[in-house]
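I opened the notebook to look up side-chain contacts in this structure.

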Amino acid sequence: MVPEFEGHYGNKASSLIVTLCNLWVCEFVIRPVLLVVLPSLIVFMLTKENVGAPFFKLLDNSGFNNWGETVKKSAFLIITFAISFQFIAKATYEFLLKHSRPKKEIGVDELMWISDIIENIVGEKCKRMADHARETIKEDEICAKDTFKTITKPEQQINLLVVGLCKAFEQCINSKVKFRVGLLKIENNKPVEWFFYEPANETPSTTAKELCATTSTVMKCIKDRGIIIVDDIQKELKRPKNKRRFIKGRTNNNKKGSQLCFPVRHRATNDIEYVVSIAGNKKECLMEKNSELYEWIIRQFSVRVCIEHSLMIMKGKSK
């Protein structure tokens with residue numbers, strides 16, 4: 001099933017109209033009357049004088065001065081419109097259908113990309129466990145503690161998940177944008193270190209300590225316990241300081257881009273253990289109106305980060 005997401009007001013209004021048009025009563029009663037019966041009746045009345053005469057007389061006697069005569073004079077235009085009404089209605093419906101979906105959505109191709117990315121990550125774990133299983137087949141018995149410590153490599157898996165999330169945004173959101181994805185470790189509701197960062201050959205432009213500023217996107221994300229998106233970082237920096245959701249840090253003065261932060265809560269503690277930070281190098285490459293879409297993609301990876309974090313907790317306690 002392809003996931004669906006809410007769009008802006010225009011999307012929602014168009015979607016509502018399309019849904020109503022597809023109702024049984026509309027499809028089999030209202031639509032035939034409006035598209036066939038009514039136009040045919042109008043043409044018949046305007047082309048048969050003995051049939052339309054009572055109608056024109058009624059218009060003249062109803063207080064609408066000379067409306068009957070006006071309708072007679074405009075008969076050609078009215079007939080043309082009545083005949084063309086079906087085509088106009090069909091074109092209007094197709095327009096609404098096209099605009100009933102958000103501009104950004106997940107299609108089958110994108111789902112396949114995400115599935116392949118996650119499959120490759122899981123494949124690495126499968127290979128590691130299979131290699132260890134091959135080594136222990138000849139053993140009569142093995143130590144459960146040693147096996148657990150050997151086969152569980154949560155840090156390695158989280159690293160692969162960060163890399164995979166970066167690829168997912170490049171393939172599903174905008175292939176022409178260079179995305180940078182980082183995972184910040186959070187303690188006591190403050191960032192303490194960059195856990196992983198992709199691309200691996202680059203370093204974050206702002207330190208975890210600097211991101212503790214109350215106006216940073218990270219801290220706003222932690223405070224709201226939800227996704228925060230800054231469409232245009234340069235525009236955000238021009239806002240009053242007390243209303244900003246982005247700090248300049250060591251960012252270049254003319255650097256353009258968008259910023260997104262997403263909190264990763266762990267079920268065992270119900271605390272935010274990590275914040276996913278995604279930056280794009282073009283303004284409005286990430287848009288607040290598409291937050292539901294971004295959140296769905298990130299969750300495909302963040303839930304697996306939580307699994308690996310659970311393993312890290314248990315591995316750290318084992319002796």
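Entry: I started at Glu236. Glu236 is buried, with a relative accessible area of 5%. I note that this is a predicted model.

I then looked for the partner of Glu236. Arg239 forms a salt bridge with Glu236, with the closest N and O atoms 3.0 Å apart. Arg239 is partly exposed, at 33% relative accessible area.

**Entry: a bridge across the chain.** Next I looked up Arg245. Its side chain meets that of Glu288 in a salt bridge, at 3.7 Å from N to O. This pair links distant parts of the chain, 43 residues apart. Arg245 sits in the loop between helix H10 (233-237) and strand S4 (258-266). Glu288 sits in the loop between strand S5 (271-280) and helix H11 (291-317).

Arg245 is buried, with a relative accessible area of 18%. Glu288 counts as partly exposed, at 43%.

Glu236, Arg239, Arg245 and Glu288 are linked in a network of salt bridges. The search of the whole structure finds 9 salt bridges.

**Entry: a bridge within a helix.** I turned to helix H6 (residues 108-136), where both Asp131 and Lys127 lie. Asp131 forms a salt bridge with Lys127, and the closest N and O atoms are 3.2 Å apart. The two residues are 4 apart in the helix, about one turn. I looked up accessibility for both. Asp131 is partly exposed, at 26%. Lys127 is exposed, at 51%, because the cut-off for exposed is over 50%.

**Entry: the nonpolar core.** Which residues have the most contacts inside the largest nonpolar core? I found Phe169, Ile278, Ile297 and Phe301. This core has 37 residues. I also asked which elements build the core. H6, helix H8 (154-172), strand S1 (179-187), strand S2 (190-198), S4, S5 and H11 each supply at least two residues.

**Entry: the rings.** How many aromatic pairs does the structure hold? I get 5. Trp194 and Tyr197 form one of them, edge-to-face, at 5.6 Å centre to centre with 85 degrees between the planes. Trp194 is partly exposed, at 21% relative accessible area. Tyr197 is buried, at 16%.

Phe195 and Phe196 also form an edge-to-face pair. Their centres are 5.0 Å apart, and the planes are at 85 degrees. Phe196 is buried, with a relative accessible area of 18%.

Ring pairs link Phe169, Phe179 and Tyr294 into a cluster. I had already met Phe169 among the residues with the most contacts in the largest core.

**Entry: a charge over a ring.** Lys185 lies over the face of Tyr274, at 5.4 Å from the ring centre.

Notes:
Residues are numbered from 1 along each chain as its sequence is written. This is a predicted model: local features need pLDDT of at least 70, side-chain atom pairs count only at pLDDT 80 or more; totals for chains, interfaces and linings use all residues. Side-chain values use heavy atoms; hydrogens and water are left out. Rings of Phe, Tyr and Trp (its six-membered ring) pair if their centres lie within 6.5 Å; planes under 30 degrees apart count as stacked, over 60 as edge-to-face and the rest as tilted. Buried means under 20% relative accessible area, exposed over 50%, partly exposed in between (1.4 Å probe, protein chains only). A charge sits over a ring if NZ of Lys or CZ of Arg is within 6 Å of the ring centre and within 35 degrees of the ring normal. A salt bridge is a side-chain nitrogen of Lys or Arg within 4 Å of a carboxyl oxygen of Asp or Glu. A nonpolar core is a set of buried Ala, Val, Leu, Ile, Met, Phe, Trp, Tyr and Cys residues joined through side-chain atoms within 4.5 Å.
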